[in-house]
Amino acid sequence: MRTKKQYIEGLRKKNHNIYFNGKTIDRDDEMMMPSIDVMGITFDLVSDPKYKDLLTVKSHLTGETINRFNHICHSTDDLHKKQDMTRALCQLVWGCIQRCMGLDASNTIYNVSYEADKQNKGSTEYHKNFKKWLERFQREDLVGCCAQTDVKGDRMKRPSQQIDPDLYVHVVERKSDGIVVRGCKVHNSLASIADEILVVPTRSLLPEEKDWAVAFAVPADWEGVKQVVTFHNIRERDVFKKGFAQGSSDSYTIFDNCFIPWERVFLCGETSHGGVAALLFALFHRHSYSGCKPALGELLLGTVALAAEYNGIAKASHVRDRLAEIIRTAELGYAAGYTGSALGKPEVYMPGTGLVTYGPGSYIPNSIYCNVGRCLTGEAVYREYEILCEISGGIPATFPHEADFTNPVTADLLKKYTMRNPSININDAIKLWMHIGDVLCSSTGGITMMANYHGGGSPIMESIAITSQYDIDARKNMVKKIAGIEG
Ligand SMILES: Cc1cc2nc3c(=O)[nH]c(=O)nc-3n(C[C@H](O)[C@H](O)[C@H](O)COP(=O)(O)OP(=O)(O)OC[C@H]3O[C@@H](n4cnc5c(N)ncnc54)[C@H](O)[C@@H]3O)c2cc1C
């Protein structure tokens with residue numbers, strides 16, 4: 001397994017295809033470093049006795065010890081550990097640990113490539129090629145990201161109905177040695193600091209939409225790939241430093257007539273499995289949310305509790321109610337994911353058919369529980385931030401800049417007027433209000449809220465998944481029986 005240093009060295013060697021604010025930038029640009037520091041945790045902690053068991057696992061392909069972020073889940077225990085690893089690491093970085101995207105996409109493609117080959121009765125070798133790709137991904141301890149979300153153009157039209165077919169990534173040419181693809185995937189978290197980009201379809205597809213049923217993996221600096229990146233970093237501090245300064249980045253990943261050799265193509269034209277790939281990535285990713293959202297809930301809970309203490313209102317009854325509300329959501333989200341893990345099977349929901357055995361035997365979490373958990377915690381995001389806003393009062397919004405707390409003219413005056421609870425060290429109070437400013441009032445805070453609401457699929461998408469997969473007729477029949485309704 002690699003160290004964080006070796007991971008950064010790998011990033012430095014990549015071709016220049018990252019565009020930011022009108023220029024190309026290096027992958028170790030200072031804007032990238034906060035995201036790299038988050039990712040670095042996934043390398044740093046593999047030998048830490050506290051995290052080793054969660055973060056490492058034996059590869060089912062080689063038997064070697066690998067990073068769990070590159071592992072294919074083969075048991076309910078693997079699913080539980082995936083959830084717990086995500087929760088444990090997100091607690092350390094204030095939110096998204098970023099590397100789950102590659103984990104969820106590789107688990108998706110592992111299953112879908114197998115089923116597509118089965119449908120093609122041996123005329124394709126997607127699964128064999130994917131396993132070859134996976135072996136290297138695991139051995140070299142690479143970082144993967146997932147490019148699923150297409151730009152999608154007119155939301156009321158299907159891929160084949162758009163005025164521009166490129167609004168969903170699709171195959172424009174099939175050659176003897178590979179395919180050429182064009183289109184743009186958006187909101188791709190960590191793509192700029194990833195080694196590999198895994199691409200899967202974004203939605204279900206009609207039989208005539210073969211060109212859009214495509215899944216593949218390319219190095220993040222591959223010829224024909226351009227990444228236009230945005231950064232979400234917090235304001236740097238010199239004196240009142242944070243213990244961990246989190247950051248993230250997202251890319252528009254543009255495939256500009258990009259050639260993909262066949263050995264990196266894992267689905268090409270099998271529309272029904274393209275639809276399953278879309279559902280399956282969403283499902284694996286919603287399962288990851290059952291780890292990260294409880295962690296974020298815990299972090300918000302701790303922040304609200306500290307804000308109440310520093311404001312001297314910790315014993316007020318409404319504070320207890322608000323803390324209970326956050327705990328309820330976080331732990332119900334975790335419980336839903338836990339059940340999703342415990343009920344995991346090599347099984348997916350096939351629209352129109354129902355639950356079917358799927359893939360080569362690896363484990364897929366239960367869809368209903370992953371979706372209800374993600375929906376519950378996703379819808380609660382803004383409410384949780386509202387609670388933090390309520391309990392903090394207005395101070396994080398207008399808090400002076402750091403240098404005003406060190407300027408001899410204003411420092412003592414500002415400290416005197418920042419004091420609320422005399423038992424709290426004033427420098428600690430300054431750090432807390434600055435931290436809450438980062439959480440509630442910064443551009444990073446705003447993006448984190450949106451990420452937690454929409455990432456992995458907006459709550460409306462989970463509602464659609466739940467209601468289409470839940471047997472509502474069976475429940476109608478229960479009630480008919482009790483009400484004495486016949487027919
Ligand atoms: C910070 C962040 C990070 C993310 N990271 C990743 C990532 O790493 N990889 C990745 O692939 N994706 C990523 N996502 C994308 C995420 O999954 C999507 O944002 C989410 O699925 C919603 O899609 P959208 O943004 O295109 O919203 P839209 O589709 O534009 O939705 C806008 C509104 O239109 C409604 N709507 C859309 N279509 C229809 C329709 N046909 N009928 C009726 N109403 C409709 C929606 O319900 C919603 O209310 C990320 C998103 C964010 C915000």
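Visitor: Which residue of β10 does Tyr19 stand opposite?

Guide: In this predicted model, Tyr19 stands opposite Val228 in β10.

Visitor: What makes β1 and β10 a pair of strands?

Guide: Pairing asks for at least two bridges between the strands, and two bridges join β1 (residues 18-20) to β10 (residues 225-233), so the two strands count as paired; they run parallel.

Visitor: Why are β2 and β6 said to stand at the edges?

Guide: The open sheet of six strands has the order β2-β1-β10-β11-β7-β6, with mixed pairing. Because β2 (23-24) and β6 (170-174) each have a single partner strand, one side of each is left without a neighbour in the sheet.

Visitor: How do you know that α5 is roughly antiparallel to α7?

Guide: The axes of α5 (residues 100-119) and α7 (residues 271-310) come within 9 Å and cross at roughly 150°. Angles over 145 degrees count as roughly antiparallel, and therefore α5 is roughly antiparallel to α7. The contact between α5 and α7 has nine nonpolar, seven polar and two charged residues, and their crossing is right-handed.

Visitor: What do β13 and β14 form?

Guide: They form a hairpin with three residues between them, and Gly352 in the turn has a positive phi of about 90°. Four bridges join the antiparallel strands β13 (residues 347-350) and β14 (residues 354-357), with Val356 as the bridge partner of Val348.

Technical notes:
Residues are numbered from 1 along each chain as its sequence is written. This is a predicted model: local features need pLDDT of at least 70, side-chain atom pairs count only at pLDDT 80 or more; totals for chains, interfaces and linings use all residues. Axes are lines fitted to C-alpha atoms, for helices over the stretch in contact, and angles run from 0 to 180 degrees between N-to-C directions. Angles under 35 degrees count as roughly parallel, over 145 as roughly antiparallel, 65 to 115 as roughly perpendicular and the rest as oblique. A crossing is left-handed if the near helix is turned anticlockwise from the far one by less than a right angle, and right-handed if clockwise. Ala, Val, Leu, Ile, Met, Phe, Trp, Tyr, Cys and Pro count as nonpolar, Asp, Glu, Lys and Arg as charged, and the others, Gly among them, as polar.
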